[in-house]
Amino acid sequence: MTSTPVDLNPAEATRVLAGVLAPLVAQGAIVRRPQATAWAERHQTDRAARAVLTGLRARHDGAPLVLRLGPRRMVVVTEPGHVRRLLEESPEPFTPASKEKVGALRHFQPDGVLISSTADRRYRRPFNETALRTELPVHDDGAAFTDAVRHGTAELARRLRGSGGLDAATFTDVWWGIVLQVVLGAGARADRELVDLLDALRRDANWSWFHPRDERRRTELASRIESYLAAPEPGTLAAAAHAAGAATAPGQVPHWLFAFDAAGAATLRALAVVSARPEVRARLLAEVAAPGPGTALLPYARACVLESLRLWPTTLVVLRDSTAPTVWGERTLPAGTGFAVVSAFFHRDPARLGHADAFVPEAWLDGRNADDWGLVPFSGGPVSCPGRNVVLLVTSHLLAHLAAHDLRVARGRYLAEDPLPATMDHLGLRFGLGEAAADRP
Ligand code: HEM
């Protein structure tokens with residue numbers, strides 16, 4: 001492996017731009033564009049992106065790949081050691097508040113910790129860790145969260161019985177009910193105006209600096225969230241936020257709501273694999289049938305969600321900007337250089353992972369996936385996702401509940417066996433009911 005960054009020649013830079021970065025931008029970094037995700041699946045864009053980066057890694061011996069995007073210098077890394085450096089040395093000298101991310105997230109969460117200055121991060125990061133109980137596999141309010149999941153799955157079961165099937169739009173609608181209840185309370189469950197506001201702002205955010213900020217909508221979203229935070233329902237993240245710091249909470253909650261969208265996508269993809277593989281479903285059902293005391297941890301269901309995130313990462317690219325000149329091998333890159341970690345490339349790299357294209361939840365349980373800086377579904381280091389355990393709790397319970405229904409995924413033959421497709425458009429997923437459909441709510 002070479003640590004000295006190499007400047008890509010124009011042909012190589014074009015391959016990275018067209019084959020790796022453009023499809024990611026086209027799909028929408030902040031909210032997915034359904035036509036673009038359908039196109040990405042049809043063309044299996046992640047497979048092509050992996051081929052480009054694998055070729056360039058071999059040709060340049062793992063050196064960080066430097067390309068110019070107008071005035072901007074962007075470095076794409078291809079070695080886990082370089083990912084490790086970027087993530088461990090965050091937020092200084094590698095800040096997560098990259099130009100692109102600030103441009104995007106300022107549309108709806110200008111005070112979110114992810115795009116905060118290092119000074120503001122000093123209190124916003126601990127606030128997030130306290131409210132989300134980052135270190136606890138099961139949040140103190142875990143029972144209330146799994147109640148919200150139970151309520152949502154009962155609703156899904158009703159719709160399933162009514163229509164005999166499930167599509168991504170129905171799933172997403174019910175999913176938002178669960179998210180609103182977990183974050184803001186049962187009183188917010190039906191507040192789709194809030195979701196519509198957030199969605200509109202996220203669509204603007206996809207355009208980053210190229211779109212003006214919609215102050216009217218942003219203020220409306222903020223005041224709606226604040227109305228829930230002012231008198232938070234017990235057993236919600238809003239209540240945990242209120243307790244962790246009432247003044248800091250309003251700036252952080254928009255990120256939580258937005259980030260739950262990715263958790264829904266990961267669950268839906270995991271459900272697709274579960275529905276195509278009876279042995280995975282049987283194991284999930286066995287785990288729920290024998291819960292321990294308290295709110296069940298469901299390690300296998302969690303591992304299924306993690307495996308979905310490995311195979312089809314929802315954070316398509318992890319970005320950093322350097323805040324100071326940084327020395328890489330024999331070169332010094334100036335402050336303001338952008339760095340990109342393309343998750344799909346690292347997550348399925350056969351050079352490191354024997355199970356690169358296979359569905360192997362066990363690898364999250366037996367240590368195979370431990371200590372691998374290339375596996376970054378929730379990022380890593382001091383800026384890693386503080387919501388990881390809340391996500392895994394909610395999604396594992398939802399997946400286990402949904403596994404109780406005898407669902408059959410359309411195009412299931414692509415998912416029944418390995419290797420799994422490189423790109424899966426979760427928005428295009430559809431499920432029917434098998435003959436032995438369980439009626440469990
Ligand atoms: C499947 C769902 C999710 C995934 C895959 C995910 C992934 C990530 C990743 C990759 C980052 C770091 C980005 C970077 O290094 O630049 C991050 C940051 C963050 N996530 Fe999540 N996330 C998810 C859901 C959530 C949820 C539901 C919450 C809150 C309830 C949350 C809260 C946060 C916060 C506050 C940060 C910023 C951390 C910081 O800047 O220090 N995430 N997440």
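Start with V76: its bridge partner in β9 is A340. Now widen the selection to residues 72–76 and 338–342, which are β3 and β9, paired in the parallel sense over 3 bridges. Before going on, note that this is a predicted model, where local features need pLDDT of at least 70, side-chain atom pairs count only at pLDDT 80 or more, and totals for chains, interfaces and linings use all residues. Residues are numbered from 1 along each chain as its sequence is written, and side-chain values use heavy atoms, with hydrogens and water left out.

Next, show the whole open sheet: 6 strands in the order β1-β2-β3-β9-β6-β4, with mixed pairing. (Strands are DSSP runs of E, at least two residues, and helices are runs of H or I, at least four, numbered from the N terminus; two strands pair if DSSP finds at least two bridges between them.) At the edges sit β1 (6–7) and β4 (94–95), each pairing on one side only.

Select 10–27 for α1, which lies across β2 (65–69), β3, β6 (317–322) and β9, at about 75 degrees to β2. Axes here are lines fitted to C-alpha atoms, for helices over the stretch in contact (heavy atoms within 4.5 Å), and angles run from 0 to 180 degrees between N-to-C directions.

Move to α4 (80–88), where P80, H82, V83, L86 and L87 are buried, meaning under 20% relative accessible area with a 1.4 Å probe, protein chains only. Those residues cover an arc of only 155 degrees around the axis, which puts them on the same side of α4; the arc is that of the directions from the helix axis to the C-beta atoms. Their cover includes β4, β6, β7 (326–328), β9 and α15 (343–347).

Last stop: C385, in the loop between α15 and α16 (388–403). Its SG is the only protein donor of the ligand's iron atom, at 2.3 Å. Donors are N, O and S atoms within 2.8 Å of the metal (3.2 Å for Na, K and Ca); water is not among the atoms, so sites may look incomplete.

Note on methods
Buried < 20%, exposed > 50% of the residue type's maximum accessible area, 1.4 Å probe, protein only.
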